[in-house]
Amino acid sequence: MNTMNSPLDTLDNGTTSNANTLLPTLITSTPSTSPSFKQLLASNYDPSTLTVFKQSSNIIPKIALKSCHISFLKACRDASLTPEGLVLKNPIFSTRSKAILFKAQSLLVTSQLSSYKSSFASLSNAYHTLLGQLKSLLSSEHYDTHSSS
C-alpha cells in the first residue's frame, strides 16, 4: 500500500497549497559561467531526453494553474460565493426561482472543482511519470544535482 500522500490530499487537508511545494522540479537557475541544464542534456544525451525534460517543464505551469483554480473554487465554495463566470441569470424574480438558482450555482462550483481536481491529478501523474523517465535516462549525478536544487 502506498503511504505517500497524493497531491489532492495535500490540497484537501486545509493547508495552503503551492505547486512548487507539491512537486519537485528539475528547473534550476545556474550560474552564467556554467552551461544551462538544457545545454547539458543536448550535449550529453540523445534528443529524446531533452524532449522528456521539456515535456516535464511544460507541465509545471499547468499544475500550478490548476492548483490556483482549486484553491479559488474551494474558497468560493466555503464562503457560499459563486464566481462571476458561473452565475446564472434569473428570468423569473421569485423567491423559489432564486433558491433554485442558488442551488444550481452551488452545484456548478462543486462540479467545476471536481473537474479541476481530476485534471490536476492527471497532470500530476503525467509529471511524475516524466520524472521517472528522466531518472532512468539521466545519470544519477545529473539527476541528483538538478532535482535537489
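Q: Which residues is Ser56 in contact with, leaving aside its neighbours within four places in sequence?
A: In this predicted model, Ser56 is in contact with Tyr127, Leu130 and Leu134, once neighbours within four places in sequence are set aside. The term applies where heavy atoms lie within 4.5 Å. Ser56 itself belongs to helix α4.

Q: Why is Ser56 called buried?
A: The relative accessible area of Ser56 is 2%. Buried means under 20%, and Ser56 is therefore classed as buried.

Q: What makes Ile70 buried?
A: Ile70, which also has its place in helix α4, has a relative accessibility of 0%. The cut-off is under 20%, so Ile70 counts as buried. In space, the C-alpha of Ile70 is 6.0 Å from that of Leu113, although 43 residues separate the two in sequence.

Q: Why is Lys117 counted as buried?
A: Lys117 has a relative accessible area of 19%. A residue is buried when this value is under 20%, so Lys117 is assigned to the buried class. Lys117 is located in helix α5.

Q: Why is Leu137 described as partly exposed?
A: The relative accessible area of Leu137 is 34%. Buried requires a value under 20% and exposed a value over 50%, with partly exposed in between; Leu137 is therefore partly exposed. This residue lies in helix α5.

Q: Which residues does Leu137 contact, leaving aside its neighbours within four places in sequence?
A: Leu137 is in contact with Tyr45, Thr49 and Val52, with neighbours within four places in sequence left aside.

Q: How do you know that the span of helix α4 is close to the expected one?
A: Helix α4 comprises residues 47-78, 32 residues in all. From first C-alpha to last it reaches 47 Å, against the 46 Å expected at 1.5 Å a residue.

Q: What is noted about the phi of Ser80?
A: Ser80 has a positive phi of about 55° although it is not a glycine. Most residues other than glycine have a negative phi. Ser80 follows α4 and has its place in the loop between α4 and α5.

Q: Why are the buried residues of α3 said to line one face of the helix?
A: The buried residues of α3 are Phe37, Leu40 and Leu41. Viewed down the helix axis, they fall within an arc of 95°, and so they line one face of α3. Leu41 is in contact with Thr49, Leu50, Phe53 and Leu138, leaving aside neighbours within four places in sequence.

Q: Which residues of the largest nonpolar core touch the most other members?
A: Of the 23 residues in this core, Phe37, Leu41, Phe53, Ile59, Ile63, Tyr127 and Leu138 touch the most other members. Helices α3 (37-44), α4 and α5 (95-137) each supply at least two of its residues. The largest share, 9 residues, comes from α5.

Q: What are the elements of the chain, and how many are there?
A: The chain has 6 helices and 0 strands, in the order α-α-α-α-α-α from the N terminus. Buried residues account for 31% of its 149 residues. Among contacts between residues at least 6 apart in sequence, 75% join residues at least 24 apart. The accessible surface comes to about 9,700 Å², with 57% belonging to carbon and sulfur atoms.

Notes:
Residues numbered from 1 in each chain as written. Predicted model: local features only at pLDDT ≥ 70, side-chain atom pairs only at ≥ 80, totals over all residues. Heavy atoms only, no water. Helix = DSSP H or I, 4+ residues; strand = E, 2+ residues; numbered from the N terminus. Buried < 20%, exposed > 50% of the residue type's maximum accessible area, 1.4 Å probe, protein only. Areas by Shrake-Rupley, 256 points an atom, 1.4 Å probe, with all protein chains shown as cover. Expected span 1.5 Å × (residues − 1). Core = buried A, V, L, I, M, F, W, Y, C linked by side-chain atoms within 4.5 Å. Arc of directions from axis to C-beta.
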